[in-house]
Protein chains: 2
Amino acid sequence: MRNIDTDKEQAIFQAALRLIQQEGFAGLKMSILAKEAQMAAGTIYLYFKSKEDLINRLYITLKRRSAKSFLKGYDPKAPFMEGFELIWQNFLDTNLANPEESAFLEQYYRSPYLDKTVQDEADQLVAPVFELLERGKRERLVKEAPTEMLVAQLTGFVAALTQLHASGGLTMTAAFKNAALAMAWDGVKR
Amino acid sequence: MRNIDTDKEQAIFQAALRLIQQEGFAGLKMSILAKEAQMAAGTIYLYFKSKEDLINRLYITLKRRSAKSFLKGYDPKAPFMEGFELIWQNFLDTNLANPEESAFLEQYYRSPYLDKTVQDEADQLVAPVFELLERGKRERLVKEAPTEMLVAQLTGFVAALTQLHASGGLTMTAAFKNAALAMAWDGVKR
DNA sequence: AAAGATAATGAATAAATATTCATTCACAAA
DNA sequence: TTTGTGAATGAATATTTATTCATTATCTTT
């Protein structure tokens with residue numbers, strides 16, 4: 001039996017990310033995508049019902065992967081600071097290591113292509129971070145600011161850093177990562 | 001003489017922003033734009049050579065307006081802290097007051113439509129912020145982190161806050177603005 | 001108020017792009 | 001070697017969207 005597994009699908013995902021990175025949002029044309037993924041245009045339609053389907057599946061796949069990655073090793077019962085550092089470092093590393101995916105998730109957030117169900121699941125995936133920060137407030141370790149605001153500073157910072165790193169504006173060495181952690185923590189700490 | 005001034009142009013700009021806000025990046029279709037701006041499709045082409053021209057002029061117009069707005073009253077010779085607070089507050093207020101413009105500037109940054117010259121001018125407009133933070137480092141008031149990183153935290157935070165505020169996730173009252181200033185300053189201060 | 005000039009219209013056309021499907025290909029079983 | 005079957009192709013078609021331009025409307029000048 002031929003291999004109908006995810007090989008081709010993955011190739012399409014990869015190529016789509018590369019194109020979005022290179023050409024931006026508007027650069028994702030099915031014909032170009034086919035060329036980049038080294039297959040015929042029609043082949044894409046064996047794996048995806050439509051462009052919309054492609055975008056949605058790519059989005060949720062990456063969002064899940066991202067969430068899994070930055071929650072790796074996270075134990076809600078461990079001390080707050082341990083959890084904070086773990087998630088922060090995971091989050092930064094995940095984004096730095098996958099700038100194309102990161103940019104995609106940023107760019108397609110609230111695109112007309114995305115189904116509401118997909119956006120809702122995406123929100124669910126981030127919930128543990130909210131819970132951790134709320135716990136931090138209860139334990140008097142974190143500022144008494146709205147959780148959304150705390151999250152905004154952390155995610156906004158990571159997004160901006162990732163973009164900077166990817167564009168070659170700044171190479172994130174280990175020393176710089178430490179500096180970033182200090183900045184992130186100083187921003188939210190009580 | 002008929003009024004060929006900026007009335008129609010402004011209407012087109014406004015409608016374009018509204019559409020980008022509502023439908024996202026991909027939702028900017030010339031025919032829909034014409035309807036939204038309450039004019040015929042052809043009329044747009046009396047004011048803009050092409051869609052690309054429209055995007056570029058909208059982008060640079062908004063970027064200039066934004067820079068002018070967040071540098072308003074800024075005196076490079078005033079004490080550091082005064083400059084920092086002024087720019088931060090201006091920047092946050094400017095973005096909160098113009099979430100559509102803010103989102104547009106975010107979304108179209110490095111779109112394939114944007115001319116390099118436009119992007120370059122955009123970078124120039126932000127230069128005073130870099131200079132201020134470098135001075136802060138020299139005066140030992142600001143962390144010894146790369147300036148790009150400091151800027152990343154500040155702009156990333158504002159971008160995320162603006163998006164949050166615009167989507168109704170959090171209303172930025174005066175108290176919350178103070179909290180945000182504290183978070184921003186704690187993040188970069190030495 | 002007529003003529004001339006400028007602005008606006010929107011249906012028609014051009015251009016770009018998504019999608020289909022008749023055909024070919026690659027492999028496996030007989 | 002032949003035949004069957006799912007996978008892949010890519011030119012052809014459908015669809016969507018940008019742009020044009022002949023026509024109409026609106027204003028200005030005399």
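Me: What makes the pair D186(A) and K143(B) a salt bridge?
Reply: In this predicted model, the closest N and O atoms of D186(A) and K143(B) are 2.8 Å apart. A salt bridge is a side-chain nitrogen of Lys or Arg within 4 Å of a carboxyl oxygen of Asp or Glu, so the pair qualifies. The count between chain A and chain B is two salt bridges.

Me: Which elements of chain A give two or more residues to the side that touches chain B?
Reply: They are α9 (147-166) and α10 (174-188) of chain A. The largest share of that side, eleven residues, comes from α9(A). By class, the side of chain A that touches chain B has 22 nonpolar, eight polar and five charged residues. Here Ala, Val, Leu, Ile, Met, Phe, Trp, Tyr, Cys and Pro count as nonpolar, Asp, Glu, Lys and Arg as charged, and the others, Gly among them, as polar.

Me: How many residues of chain A are in contact with chain B, and what area is buried between the chains?
Reply: 35 residues of chain A are in contact (heavy atoms within 4.5 Å) with 35 residues of chain B. The buried area is about 2700 Å², with carbon and sulfur atoms giving 72% of it. Buried area is the accessible area (1.4 Å probe) that two parts lose on being put together, summed over both.

Me: Why is α4(A) called roughly parallel to α7(A)?
Reply: Helix α4 (residues 51-70) and helix α7 (residues 116-125) of chain A pack at an angle of about 5°, their axes 10 Å apart. Axes are lines fitted to C-alpha atoms, for helices over the stretch in contact, and angles run from 0 to 180 degrees between N-to-C directions. Angles under 35 degrees count as roughly parallel, so α4(A) is roughly parallel to α7(A).

Me: Which residues of α4(A) meet α7(A)?
Reply: N56(A), Y59(A), I60(A), K63(A), R64(A), A67(A) and F70(A) meet V118(A), E121(A), A122(A) and L125(A) of α7(A). This contact has seven nonpolar, one polar and three charged residues.

Me: What is the secondary structure of chain A?
Reply: Chain A has ten helices and zero strands. Helices (H or I, at least four residues) and strands (E, at least two) are DSSP runs, numbered from the N terminus.

Me: What conventions apply?
Reply: Residues are numbered from 1 along each chain as its sequence is written, and chains are lettered from A and ligands numbered from 1 in the order in which they are written. Local features need pLDDT of at least 70, side-chain atom pairs count only at pLDDT 80 or more, and totals for chains, interfaces and linings use all residues, while side-chain values use heavy atoms, with hydrogens and water left out.

Terms used:
Parallel < 35°, antiparallel > 145°, perpendicular 65-115°, else oblique.
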